[in-house]
Amino acid sequence: MITRSSSLPRTLLPSLHLPRQCTRALHSSLPLPPIPQPTPFVPDPTTFLTLIGRKLSKHAPKITTWDSLFSLTSTQLRELGVEPARSRRYLLWWRDQFRRGIYGVGGDLQNVVDGIAEMRVKEVPVGETIKRVVVNTPPGVEELAQGKLVQGFHVRGAGTIVGSYVELVKESGGSVARLKVQEGMWEVRRGHKVHGGERRRKYVLSQIAKKERGTLK
């Protein structure tokens, strides 16, 4: 009596493995993710590269269009001179974050002129109390009804806007602040290597131990 096995014979498994060339061809034929729309705070590649930091803004002359910023492959970025490899990985990572709608400080601001956004304190009734929030208004417009609630900023004390990179407007008592694009505002800092990092830690620690024992030659 012949019974059917729930798994394929071992002799057939190797024949199901795709050659590396086929795998690469399949990967390259996959459709590119959609290109996101620029935002008022991030309207062009130069601003994007400036915000994410790590000196990637120096490559702005090589990446001149929004479409190219979000469609260039790692190989193409290398051919353009974006080095080292960790810089390319970092750029691709931030590109994916932006595509998902995940921004750094100020990324959700809608009222932006020449890279500068203005924010004001707005009082919002919450039940029987008043809550102070930060809203983004068009520059010079004091009508808070036009303001958009923003994330990453809060009000301290009687009405002072607090948040990363904010510049308080003089004579406003802290209730009006501006945020402008600056180098590295969204930068994710690289960790400091301890004992040479993961690859060299064992060797470095052994050298330190030998030195402490006085046996290092």
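How many aromatic pairs does the count come to? I got nine aromatic pairs. The rule takes rings of Phe, Tyr and Trp (its six-membered ring) with centres within 6.5 Å; planes under 30 degrees apart are stacked, over 60 edge-to-face, the rest tilted.

Trp-66 is in helix 3 (residues 66-69) and Phe-98 in helix 5, so the pair ties together parts 32 residues apart in sequence. Helices here are DSSP runs (H or I, at least four residues), strands likewise (E, at least two), numbered from the N terminus. Trp-66 and Phe-98 are both buried, that is, under 20% relative accessible area with a 1.4 Å probe, protein chains only (exposed is over 50%, partly exposed in between).

I then noted the cluster. Ring pairs link Phe-48, Trp-66, Phe-70, Trp-93, Trp-94, Phe-98, Tyr-103 and Trp-186.

A note on sources. The model is predicted: local features need pLDDT of at least 70 and side-chain atom pairs pLDDT 80 or more, while totals for chains, interfaces and linings use all residues. Residues are numbered from 1 along each chain as its sequence is written, and side-chain values use heavy atoms, without hydrogens and water.

Next entry: Arg-95. I found Arg-95 in helix 5 (residues 85-99). Arg-95 is buried yet has no salt bridge (a side-chain nitrogen of Lys or Arg within 4 Å of a carboxyl oxygen of Asp or Glu). The nearest side chain of opposite charge is Asp-96, 7.7 Å away. What I did find is a reach of the Arg-95 side chain to the backbone oxygen of Leu-72, at 2.7 Å. Beyond four places in sequence, Arg-95 has contacts (heavy atoms within 4.5 Å) that include Phe-48 and Phe-70.

Next entry: Arg-54. It is in the loop between helix 2 (45-52) and helix 3. Its charged end sits over the ring of Tyr-90, 3.9 Å from the centre; the rule asks for NZ of Lys or CZ of Arg within 6 Å of the ring centre and within 35 degrees of the ring normal. A polar side-chain atom of Arg-54 lies 2.6 Å from the backbone oxygen of Val-188. Arg-54 also touches Glu-187, Arg-189 and Arg-190, among others.

Last entry: Val-166. I placed Val-166 in the loop between strand 6 (160-162) and strand 7 (167-168). Its contacts beyond four places include Met-119, Phe-153 and Leu-179.

Definitions and conventions:
Lys, Arg positive; Asp, Glu negative; His and termini not counted. Polar contact = N/O pair within 3.5 Å; in protein donor to acceptor, adjacent residues only side chain to side chain.
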